[in-house]
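Reader: Could you walk me through this one before I set anything up with it? I'd like the definitions spelled out as we go.

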Amino acid sequence: MREEYSLETVDIPTLYKIMLEKQRAGYRLAQICATAFEGYNEVIYSVVDGYKFENYKTIVPIDTEINTISDFFPSAMLYENEMKELFDVKIKSINPDYDNKLYRIAVKAPFKKEVKEAVKVIKKEEEAAE
């Protein structure tokens, strides 16, 4: 037996279509993983059918709101609540939505990376020129 693994980058609307198709085909949700970058989050949705492991990566800008997939993959609500709380990924209609109370943390969205202000970049360039 040999495992099959794939990673495909898709846009957000295509991701919803793929996830619904995979659920209807009998796949199970394996994980949803977020990684913060400056100004956006990279989110990878992983589904499994037997030994076939498929991953779909999408880029979510910081201010973009995405829909939940918990309607057809109920276990997604844990991953989505986590991404919302730790990375400030804006996800609407999570069922149930823990409203940032999944973890006991002192800092809001500790893994979120803000866009650096252009003023700071200009200042660094000016200091280097001196």
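**Sheet, helices and loops**

Author: Let me start inside the sheet, where glutamate 8 stands opposite tyrosine 56 in β4. This is a predicted model, in which local features need pLDDT of at least 70 and side-chain atom pairs count only at pLDDT 80 or more, while totals for chains, interfaces and linings use all residues. Residues are numbered from 1 along each chain as its sequence is written, and side-chain values use heavy atoms, with hydrogens and water left out.

Reader: Which strand pairs with β4 in the parallel sense, and over how many bridges?

Author: β1 does, and the parallel pairing of β1 and β4 runs over six bridges. Strands here are DSSP runs of E with at least two residues, helices are runs of H or I with at least four, and both are numbered from the N terminus; two strands pair if DSSP finds at least two bridges between them.

Reader: And in what order do the four strands of the open sheet come?

Author: The order is β1-β4-β3-β2, with mixed pairing. β1 (4-9) and β2 stand at the edges with a single partner strand each, so one side of each has no neighbour in the sheet. From one strand to the next the twist averages 20 degrees, where axes are lines fitted to C-alpha atoms (for helices, over the stretch in contact) and angles run from 0 to 180 degrees between N-to-C directions.

Reader: Which strands do α1 and α2 lie across?

Author: α1 lies across β3 and β4 and runs at about 155 degrees to β4, whereas helix α2 (residues 76-87) lies across β2 and β3 and runs at about 5 degrees to β2.

Reader: Staying with α1, how far apart are its end C-alpha atoms?

Author: They are 19 Å apart, which agrees with the 18 Å that the 13 residues of α1 (residues 12-24) should span at 1.5 Å a residue; the expected span is 1.5 Å times one less than the number of residues.

Reader: Which residues of α1 are buried?

Author: Ile12, Leu15, Tyr16, Ile18, Met19 and Lys22 are buried in α1, buried meaning under 20% relative accessible area, exposed over 50% and partly exposed in between, with a 1.4 Å probe and protein chains only. They cover an arc of only 165 degrees around the axis, which puts them on the same side of α1; the arc is that of the directions from the helix axis to the C-beta atoms. As background, an α-helix has 3.6 residues a turn, so residues three or four places apart point the same way.

Reader: What do those buried residues pack against, and what sits on the face turned away?

Author: The buried residues of α1 pack against β3 (40-49), β4 (52-61) and β5 (65-67), contact meaning heavy atoms within 4.5 Å. The face turned away from the buried side carries the exposed residues Lys17, Glu21 and Arg24.

Reader: Switching to backbone geometry, which peptide bond is cis?

Author: The bond from asparagine 95 to proline 96 is cis, with omega near -5 degrees, and proline 96 lies in the loop between β6 (90-92) and α3 (118-129).

Reader: Where do you find positive phi in residues other than glycine?

Author: Serine 93 has a positive phi of about 70 degrees, and phi of asparagine 100 is near 60 degrees.
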